[in-house]
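The following account leads the reader through a structure, taking its chains, its helix packing and its interface in turn.

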Amino acid sequence: MHVPDGFIDAPVSVTAGAIAAAGIAVSLRGARRELDDLTAPLAGLTAAFVFAAQMLNFPVAGGTSGHLLGGALAAVLVGPFTGILVVSVVLIAQALIFADGGLTALGVNITVMAIVTALVGYGVFKLLVKVLPRTRPSVTAAAFTAALVSVPASAMAFVAFYAVGGTTEVPLSTVIPAMLGVHVLIGVGEALITGLTVSSVLAVRPDLVYGARGLARPLRLTVEPQKTEEAAA
Amino acid sequence: MSMKRLLALGVLVAAVLAGIVSYYASSSPDGLERVAGDKGINAKEEEHPLGDSPLADYGVKGVEDERASVGLSGVIGVGVVLVVGTGLFWGLRSRPGSREGSQSKPKTHS
């Protein structure tokens with residue numbers, strides 16, 4: 001979904017740049033509360049993983065492909081603010097080093113692929129975790145669904161920018177169904193990768209998964225320094 | 001699983017995905033490219049200003065073998081993102097002691 005230069009006009013690209021900068025600034029503050037000695041390296045790893053996964057275009061219908069966006073995954077694993085930063089780091093590296101995603105379009109790309117996916121994904125995730133039983137499979141199912149929804153949401157965010165600042169005059173009645181249709185399919189791939197990754201980390205270190213904080217922890221026979229437990233909000 | 005083990009395993013998985021599996025990724029246009037091409041959203045698309053850079057389009061300039069070129073660019077990307085990301089998040093983390101009051105001894109980390 002990397003938007004190249006020339007799709008969105010200059011004024012709207014600048015506006016998107018301001019939205020992206022504000023989103024990153026807020027996230028830099030919010031991420032401090034999400035990161036500690038254990039989760040900071042995990043967040044770095046998550047960024048590397050999202051970069052790698054974004055190289056893996058999988059085929060969807062009719063000669064079209066898609067790849068992981070990763071915002072929902074990162075938000076569940078390391079927290080929504082950190083998740084926004086994780087995908088932003090990936091997008092900035094891709095635009096500057098790999099010429100993937102335009103430079104004037106960077107604000108659009110960060111807004112659409114980092115901010116929208118992490119926020120929508122985390123919102124859906126929290127909602128589901130609240131109503132589902134407090135178990136690990138619930139966390140995986142919630143992450144799966146969050147990722148599923150995050151991709152069409154991201155596509156619609158692009159359409160919103162296109163509606164106000166598109167350099168071409170394709171009617172929205174054409175753009176919306178086309179973008180929605182293909183990105184619902186890509187969302188299925190996003191959901192599968194996200195569900196698999198979250199369940200894998202849950203299987204080995206459930207204590208590290210941000211979205212699983214507050215789950216009852218299994219009894220452990222190791223001696224560990226006492227930590228103050230915060231009740232789940 | 002220890003944290004060190006988990007991180008090592010994670011980095012290995014990312015490196016294998018970007019360094020080896022990426023060669024087998026679909027080369028079809030992605031969802032946006034497809035819709036943009038079909039419907040004409042891309043009529044005014046511009047060349048990427050850094051399109052001639054050494055790693056542009058996930059290949060290493062000068063490496064002829066396609067498999068090696070994609071794989072190497074992927075591994076470099078994983079390395080760069082890992083270092084930049086970990087550096088950023090390590091710098092942002094809340095330090096133990098700042099909240100709980102117990103003074104921790106200064107840590108040395110590479």
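Chain B contains three helices and zero strands, so that its elements, read from the N terminus, follow the order α-α-α. The model described here is a predicted one. Of the 110 residues in chain B, 27% are buried. When contacts in chain B between residues at least 6 apart in sequence are considered, 45% of them join residues at least 24 apart.

Chain A has a secondary structure of seven helices and two strands. Its elements run α-α-β-β-α-α-α-α-α from the N terminus on. The radius of gyration of chain A is 18 Å, close to the 17 Å that the globule rule gives for 233 residues, and chain A is therefore as compact as a globular protein of that length. Taken along the principal axes, the box filled by the C-alpha atoms of chain A is roughly 65 × 35 × 30 Å. Buried residues account for 58% of the 233 residues in chain A. Among the contacts in chain A between residues at least 6 apart in sequence, 77% connect residues at least 24 apart.

Two helix pairs of chain A may now be examined. Helix α4 of chain A, residues 80-97, packs with helix α5 of chain A, residues 106-131, at an angle of about 150°, and their axes are 9 Å apart. Because angles over 145 degrees count as roughly antiparallel, α4(A) and α5(A) are roughly antiparallel to each other. The crossing in which α4(A) passes α5(A) is right-handed. On the α4(A) side, the residues that meet α5(A) include A:Ile84, A:Val87, A:Leu91 and A:Ile92; on the α5(A) side, those that meet α4(A) include A:Ile110, A:Met113, A:Ala114 and A:Tyr122. By residue class, the contact of α4(A) with α5(A) comprises 14 nonpolar, four polar and no charged residues.

The second pair consists of helix α6 of chain A, residues 136-165, and helix α7 of chain A, residues 172-204, which pack at an angle of about 150° with their axes 7 Å apart. This angle makes α6(A) roughly antiparallel to α7(A). Their crossing is right-handed. In the contact of α6(A) with α7(A), the residues divide into 23 nonpolar, seven polar and two charged.

A:Val90 lies in helix α4 of chain A. Is A:Val90 buried or exposed? A:Val90 is buried, because 30 other C-beta atoms lie within 10 Å, where 20 or more are required. Leaving aside neighbours within four places in sequence, A:Val90 is in contact with A:Ala47, A:Val50, A:Phe51, A:Gln54 and B:Val81. A:Phe51 is 39 residues from A:Val90 in sequence, yet the two are 5.8 Å apart in space, C-alpha to C-alpha.

The contact between the chains takes 63 residues from chain A and 56 residues from chain B. On the side of chain B that touches chain A, the elements that give two or more residues are α1 (3-19), α2 (31-39) and α3 (66-92) of chain B. The most is given by α3(B), with 13 residues. This side of chain B divides into 31 nonpolar, 15 polar and 10 charged residues.

Terms used. Residues are numbered from 1 along each chain as its sequence is written. Chains are lettered from A and ligands numbered from 1 in the order in which they are written. This is a predicted model: local features need pLDDT of at least 70, side-chain atom pairs count only at pLDDT 80 or more; totals for chains, interfaces and linings use all residues. Two residues are in contact if their C-beta atoms, placed from the backbone, lie within 7 Å. Helices (H or I, at least four residues) and strands (E, at least two) are DSSP runs, numbered from the N terminus. Ala, Val, Leu, Ile, Met, Phe, Trp, Tyr, Cys and Pro count as nonpolar, Asp, Glu, Lys and Arg as charged, and the others, Gly among them, as polar. Axes are lines fitted to C-alpha atoms, for helices over the stretch in contact, and angles run from 0 to 180 degrees between N-to-C directions. Angles under 35 degrees count as roughly parallel, over 145 as roughly antiparallel, 65 to 115 as roughly perpendicular and the rest as oblique. A crossing is left-handed if the near helix is turned anticlockwise from the far one by less than a right angle, and right-handed if clockwise. A residue is buried if 20 or more other C-beta atoms lie within 10 Å of its own, exposed if 12 or fewer, and partly exposed in between; C-beta atoms are placed from the backbone. The radius of gyration is taken over C-alpha atoms; the globule rule is 2.2 Å times the number of residues to the power 0.38.
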